[in-house]
Structure formats: structure tokens, C-alpha cells
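Okay, thanks for coming, everyone. Please have a look at the structure on the screen, and I'll talk you through a few spots in it.

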Amino acid sequence: MTGRILIVDDSPRFRAVAAELLAVRGDEVLDEAADGEQALAAVAGRCPDGILLDVNLPGPDGFAVAASLAAACAGARIVLTSADIEHIPAEVMKTCAAIAFVAKQELAVADLRTLFSG
């Protein structure tokens, strides 16, 4: 089963690399967004199966965006990512809308398909 994934990151280069990685694994990139506002617009009327969401976004951070996306698309599985892994508060991860955190450095070896499919 392929998943439809939304990639949210302010780096166009990272979005391109993530899209390629997901495509190689058989997932379909539903859309891409550079910030929370674009992400919410992307899910209007068509919720993805999964959302790969950067923690460090311009404007509201990934934790706040995750809450908004979860409210808009209750069935979407949200995976947070960041290159700055030392500043991810464990307590926040326990209470945020994301199901997991995967460091950007680990995306190539992470089992995203399992995370996104549940």
C-alpha cells in the first residue's frame, strides 16, 4: 500500500530530497509546503495519510502546526523531523499531535512507511 504524504519544510532542497526518498519507497507526495499556513491550505479538502513536518518552521513552530494539522486531518499520521535534535523537548513530544520524531540525518534509514501506515 502506498501512502499519500505531505512534506512541510521551509527548505526547498530538503523537500526535494524527502520527496525523492519517499517516492523511491513507493509513497506518493501529495503536496509540499514551506510553512504552517501553506500546510493547512494543502490539506483543505484532501487529507494525506501522513505528514512529514519540520519542527523549525518560520512562524508557528512544527509543534503548533502539528496541532492545527491534526485538527484539520484527524487520520493523518504526523512525523516530526529536524536537524537540530538537541532542542526537541521530550515532554513536548509526549503531548504533541505527532506520532514520532525522526532526525533528518536518519530519514534515509528510518522506516517511514511503517510510521505513516500505523
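Predicted model: local features only at pLDDT ≥ 70, side-chain atom pairs only at ≥ 80, totals over all residues.

So, F116: is that residue buried or exposed? Its relative accessibility is 5%, and buried means under 20%, so F116 counts as buried.

Where does F116 sit? You'll find F116 in helix 5, which covers residues 112–117. And which residues does F116 touch, if we leave aside its neighbours within four places in sequence? There's I5, L22, D49, G50, I51, L52, R77 and V79. Here's another way to look at that: take I78, which is 38 residues away from F116 in sequence. In space, the two are 7.6 Å apart, going C-alpha to C-alpha.

R15 belongs to helix 1, residues 12–24. Buried or exposed, what would you guess for R15? R15 has 13% relative accessibility, and the cut-off for buried is under 20%, so R15 counts as buried. Skipping anything up to four places away in sequence, R15 has contacts with I7, D9, D10, E32, A33 and A34.

Next up, a pair of helices. Helix 2 is residues 36–43, helix 3 is residues 62–72, and their axes lie 10 Å apart at an angle of about 10°. Angles under 35 degrees count as roughly parallel, so that is what we call helix 2 and helix 3. Who meets whom there? From helix 2 we have G36, A39, L40 and V43, and from helix 3 there's V65, S68, L69 and A72. Sort the residues of that contact by class and you get six nonpolar, two polar and no charged ones.

Okay, zooming out to the whole chain. How many helices and strands does the chain have? Five helices and five strands, and along the sequence they come in the pattern β-α-β-α-β-α-β-α-β-α. The radius of gyration is 13 Å, close to the 13 Å that the globule rule gives for 118 residues, so the chain is as compact as a globular protein of that length. If you draw a box around the C-alpha atoms along the principal axes, the box is roughly 35 × 30 × 25 Å.

A few last numbers. Out of the 118 residues, 43% count as buried. Take the contacts between residues at least 6 apart in sequence: 63% of those join residues at least 24 apart. And the accessible surface is about 5,900 Å², with 54% of that belonging to carbon and sulfur atoms.

Notes
Residues numbered from 1 in each chain as written. Heavy atoms only, no water. Helix = DSSP H or I, 4+ residues; strand = E, 2+ residues; numbered from the N terminus. Buried < 20%, exposed > 50% of the residue type's maximum accessible area, 1.4 Å probe, protein only. Contact = heavy atoms within 4.5 Å. Axes fitted to C-alpha atoms, helices over the stretch in contact; angles between N-to-C directions. Parallel < 35°, antiparallel > 145°, perpendicular 65-115°, else oblique. Nonpolar A, V, L, I, M, F, W, Y, C, P; charged D, E, K, R; others polar. Rg over C-alpha atoms; globule rule 2.2 N^0.38 Å. Areas by Shrake-Rupley, 256 points an atom, 1.4 Å probe, with all protein chains shown as cover.
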